[in-house]
Amino acid sequence: MTDTRTLRERAAALQPRTELYIDGAFVPAADGRTFETRDPGTGRVIAEIARGGQADIDRAVVAARRAFDSGAWSDATPRERRAVLLALADLIEANGEELALLESLDGGKLYSQTSTEDIPGTAAIFRWYAEALDKVYGEVAPTGGDDLAIVTREPLGVVGAVIPWNYPLEMASWKLAPALAAGNSVVLKPAEETPLTALRLAELATEAGLPQGVLNVVTGYGVEAGQALGRHPDVDSIAFTGSTGVGRMFLEYAGQSNMKQVWLECGGKSANLIFDDVADLDTAIDFAAQGIFSLSGQVCSANSRLLVQRSVYDRVVEGVVARAKALRVGDQFDEQAEMGPLVSATQLGRVSKYVETGRTEATLAAGGTRPDALATELAEGSFLQPTVFTGVDPEATIAVEEIFGPVLAIIPFDTEEEAIALANASEYGLAASVWTDSLRRARRVSRRLQAGTVSVNTVDALDVTVPFGGVRQSGFGRDLSLHALDKFTSLKTTWFAS
Ligand code: NAD
């Protein structure tokens, strides 16, 4: 029978898991406290979620350590681990509609994206690491003589994963898939804005055959659960994705506790460079708009600085402004909407302050306010129109700080040298894009851009087969690809004397 309910009605009918997931079971926080998670489209409370604290992190780490020491997962053969992770990928797909509804409800992401990108993308990550893990070989060192030295990759033990709200399931999978593939136990702390899908994912992992205690999820606030994990003396490594300010704190937590490894993927202020030799400027303009307005600009690698060569500046500005004005902003469950709400009222407030600052620093060419003509039930939603500032001074606040919203700063340049210098004049170095029809220029400029990923004639190039991460204060960890295994394993030398 076809389901005639609307997507919103289907989402409202779900019964999200709301308790901590520790040692294979849902449990309330030790002190019984909870916090609200809200739908950013309507502003309404979805559920009360367990508010984990120090005692809960302690319980989760004890369970994770016990599971690790038992060898049930850490000593399982690569083939056995592969089977469980493949089963998990299948379960993610089988429960895809529920997960997509939860992801959209909790974080305001368009259902048209969560259902076609986030959920299949998450399953694909687990599948990729499941397939990779029994194909990674160790080394035999060329020591000479009859001595034999082997180098093996060993799991670390207990990994703490702390993630943001913009891609809740995908960010979880970027940490969990390689960490689990390598044989570690994990305590995952999702962002307080978006706890729902992580809890369901943990339950599915148990259903797929992951032994109890190998994956634990402690929901709660950063300053409580997140800090307790960062300072925990029995956590071997932290894999963090989030803001640069909080990333810096994790380095301090490690120094003040047990010198655990800390791997950081932090913020960005990515530059998108359009040169005047581009014949197909329309495509460059389309991508420039997509690169900042996709997911309401709440993307770490968002192309928030658009650098345009002066001879094509007016044409590009006109095109980007037209696209910004034409974008349809609406309910995350409206399949015609092209941009949904921001993740929360707090985030809308933060971004709106930047817009106010921008008005004093540059020319507001599009957006800047809440869209009118939204349905009444969205009256309390966190919506903002796609916003474009032109003629921005490279030293203006809106050109320097990460806004993490649908706000674009367009800056003109004259020469290639100037473009490179402007792009690199940032404390961040996560990603950059270059548009040019000259192969020589593409190579020359991309080599000199200080960024973890440079996309040429596209934006935000990303795939599980290539590492993703930054330089400078965008962090130093690398997610995705086989390189991600570096942060979830230690190299061990075993020397057999002759
Ligand atoms: P955030 O730094 O506020 O929070 C990230 C996580 O850290 C959350 O789980 C939060 O609860 C926790 N946290 C917050 N304060 C803490 C504290 N004092 N101690 C311990 N833990 C704490 O970031 P956010 O607002 O959730 O996400 C947006 C940021 O994430 C942006 O800066 C964005 O660029 C970045 N990001 C980076 C990448 C990447 O791969 N480089 C990907 C996505 C998002």
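What share of the 498 residues of this protein count as buried? Before I answer, please keep in mind that the model we are looking at is a predicted one. The answer is that 57% of the residues count as buried, where buried stands for under 20% relative accessible area.

Let me go on with the overall picture. The secondary structure comes to 15 helices and 19 strands. The radius of gyration is 23 Å, which is close to the 23 Å that the globule rule gives for 498 residues, so the protein is as compact as a globular protein of that length. If you turn the model along its principal axes, the C-alpha trace spans about 70 × 65 × 50 Å.

I would next like to take you to one strand, β17, which covers residues 431-435. How many of its 5 residues are buried? The count is 5 of 5, and the strand is therefore described as mostly covered. From β17, A431, S433 and W435 point one way, while A432 and V434 point the other way, and all of these residues are buried.

Which strands does β17 pair with? One of them is β12, residues 271-274, which runs parallel to β17 and is joined to it by 4 bridges; here N272 has S433 as its bridge partner. Another is β18, residues 453-456, which also pairs with β17 in the parallel sense, over 4 bridges, and in this pairing V456 is the bridge partner of V434.

Finally, let us look at two residues in loops. D23 sits in the loop between β1 (20-22) and β2 (25-27), and its phi is near 55 degrees, a positive value in a residue other than glycine. With a relative accessibility of 27%, D23 counts as partly exposed. M259 also has a phi near 55 degrees, again a positive value in a residue other than glycine, and M259 is found in the loop between α9 (244-256) and β11 (261-265). Is M259 buried or exposed? Its relative accessible area is 72%, so M259 is exposed, given that the cut-off for exposed is over 50%.

How values were computed: Residues numbered from 1 in each chain as written. Predicted model: local features only at pLDDT ≥ 70, side-chain atom pairs only at ≥ 80, totals over all residues. Heavy atoms only, no water. Rg over C-alpha atoms; globule rule 2.2 N^0.38 Å. Buried < 20%, exposed > 50% of the residue type's maximum accessible area, 1.4 Å probe, protein only. Pairing = 2+ DSSP bridges.
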